[in-house]
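My entries follow in the order in which I made them.

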Amino acid sequence: GATIGIIGGGQLGRMLALSAARLGFRVAVLDPNPDCAAAQVANQVIAAPYDDPGALGRLADASAVVTYEFENVAVEPLRALAARVPVFPPPQALEVAQDRVVEKAFLNGIGIPTAEWRAVDDVQELDHAFQELGGDCILKTRRFGYDGKGQATIRQRSPHADAFESLGSVPAILEKKVPFEFELSVVAARGQDGAVASYDPAENVHSLGILKRSTVPGRVTAALAAEAGDIAARILEHLDYVGVVGVEFFATTNGLLVNEIAPRVHNSGHWTEAVCLVSQFEQHVRAIAGLPLGSAARHADCVMENLIGAEIDGALALLADPDAVLHVYGKGEAKPGRKMGHVTRIVRP
Ligand code: ATP
Ligand code: MG
Ligand code: MG
């Protein structure tokens, strides 16, 4: 069969590779680590930096279509790649999602509300923005943040210079801290024909900046689910998107705010492999390969929990629960904060 190229060989690349294999595709993975999580299931591993032009060229030569599993892929090499082989999601979508200022300006520009925010490039701008926004804020690097890294809470008396320096004195965004009731996310897909399929939202709980638990449906009402699905569809259409996207929201007493967009399969959608006809991983493969999208319908309520660090020890014992679906990423060392696997449990009525 044709080969799908994946930039990035972490657990998301691995799960994409498994789904691609099930549809008869071959998989080539580009990752600096030849022992990356996806290497065990890929047909070919190109061990090189993600932005290495020669390695990207080899990936293009090997692949019928190229995708990526994380948002910090450099956009310019990706655009060059897209001149040789179809690249999905399109580089312009990645460009929007990987810079929090561009992302929020895009969202607000198409009428989607977010936390109030200001771009801050230095401590003077930070002081000024803090005065303007008023109240507690969160300072985030514009780029390269994940799992809550690159963030600092700013309160009235916090020394702003320290906070700015703690993030490396790089271009940043100051966001008003949202007093949310809970967090939710929608994983949705858009095909090459423009069809959109949206999974039910999950209620998400984070711990130390890392997703801990996704509950479906959790506290998400039918009305809220419809609104979140509509917002995700609007984002997909405006970005001329192809593939799976994760859209993170805050539920507030005044309605939904979008927190951020992830231009890839999303941790809060891992439960789809257990209770949906077509998982987010297969849906992404279908979309980028130009195949029809599958049903995103769900046949059970469920709770997905990440197994982080040492929580992976003895994970196979979880199989004693017949309603548990376990996924182990096959990573080496169970370092603290490292995502090692996840388990989805069916919730019976
Ligand atoms: P991810 O791993 O999801 O990509 P990230 O590093 O990009 O995470 P965010 O999603 O921006 O970080 O923030 C992580 C978490 O911090 C959010 O899920 C939320 O719990 C909290 N948070 C972020 N921004 C705000 C805000 N403006 N107000 C309140 N809480 C926030
Ligand atoms: Mg993020
Ligand atoms: Mg996030």
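**Burial and overall form**

I began with burial: 47% of the 349 residues of the protein count as buried. For that I took a residue as buried if 20 or more other C-beta atoms lie within 10 Å of its own, exposed if 12 or fewer, and partly exposed in between, with C-beta atoms placed from the backbone. This is a predicted model, in which local features need pLDDT of at least 70 and side-chain atom pairs count only at pLDDT 80 or more, while totals for chains, interfaces and linings use all residues. Residues are numbered from 1 along each chain as its sequence is written, and chains are lettered from A and ligands numbered from 1 in the order in which they are written.

I then looked up the radius of gyration, which is 20 Å and agrees with the value near 20 Å for a compact globule of 349 residues. The radius is taken over C-alpha atoms, and the globule rule is 2.2 Å times the number of residues to the power 0.38. Along the principal axes, the C-alpha atoms fill a box of roughly 60 × 55 × 40 Å.

I noted 10 helices and 17 strands; these are DSSP runs numbered from the N terminus, helices being H or I of at least four residues and strands E of at least two. Among contacts between residues at least 6 apart in sequence, 61% join residues at least 24 apart. A contact here means two C-beta atoms, placed from the backbone, within 7 Å.

**Domains and ligand shell**

The protein is divided into domain 1 (3-87), domain 2 (116-176) and domain 3 (182-347), with bounds from an automatic or database domain assignment. I found 28 Å between the centres of domain 2 and domain 3, taken over C-alpha atoms.

Which domains supply at least three residues each to the shell around ligand 1? Domain 2 and domain 3 both do. Of the 16 residues around ligand 1, Ala115, Gly145, Asp147, Glu175 and Val178 come nearest; a residue is near if its C-beta atom, placed from the backbone, lies within 6 Å of the molecule. I sorted the shell into seven charged, five polar and four nonpolar residues. In that sorting Ala, Val, Leu, Ile, Met, Phe, Trp, Tyr, Cys and Pro count as nonpolar, Asp, Glu, Lys and Arg as charged, and the others, Gly among them, as polar.

**Helix α5**

I listed the buried residues of α5 (residues 100-109): Arg100, Glu103, Lys104, Phe106 and Leu107. They sit on the same side of α5 because they cover an arc of only 160° around the axis, the arc being that of the directions from the helix axis to the C-beta atoms. An α-helix has 3.6 residues a turn, so residues three or four places apart point the same way.

What do the buried residues of α5 pack against? Their partners are α4 (91-97), β5 (117-120), β6 (137-141), β8 (172-176) and β14 (255-262). Glycine 111 follows α5 and has a positive phi, near 80°.

**Alanine 20**

Alanine 20 is in helix α1 (residues 11-22). With 28 other C-beta atoms within 10 Å, alanine 20 is buried. Leaving out residues up to four places away in sequence, alanine 20 touches Ile4, Phe25, Val27 and Val285.

I logged a cis peptide bond from phenylalanine 88 to proline 89, omega near -5°; proline 89 is in the loop between α3 (75-82) and α4. Valine 216 and proline 217 are also joined by a cis bond, with omega about 5°, and proline 217 lies in the loop between β12 (210-216) and α8 (222-238).

Serine 169 is not a glycine, yet its phi is positive, about 50°. Serine 169 lies in the loop between α7 (160-166) and β8 and is partly exposed, with 13 other C-beta atoms within 10 Å. Leucine 208 has a positive phi near 55° in the loop between β11 (202-207) and β12. I count leucine 208 as exposed because it has 10 C-beta neighbours inside 10 Å.

**Two loop residues**

Glycine 168 is in the loop between α7 and β8. Its C-alpha is 8.6 Å from that of threonine 141, 27 residues away in sequence.

Is asparagine 254 buried or exposed? With 8 C-beta neighbours inside 10 Å, asparagine 254 counts as exposed, and its loop runs between β13 (243-252) and β14.
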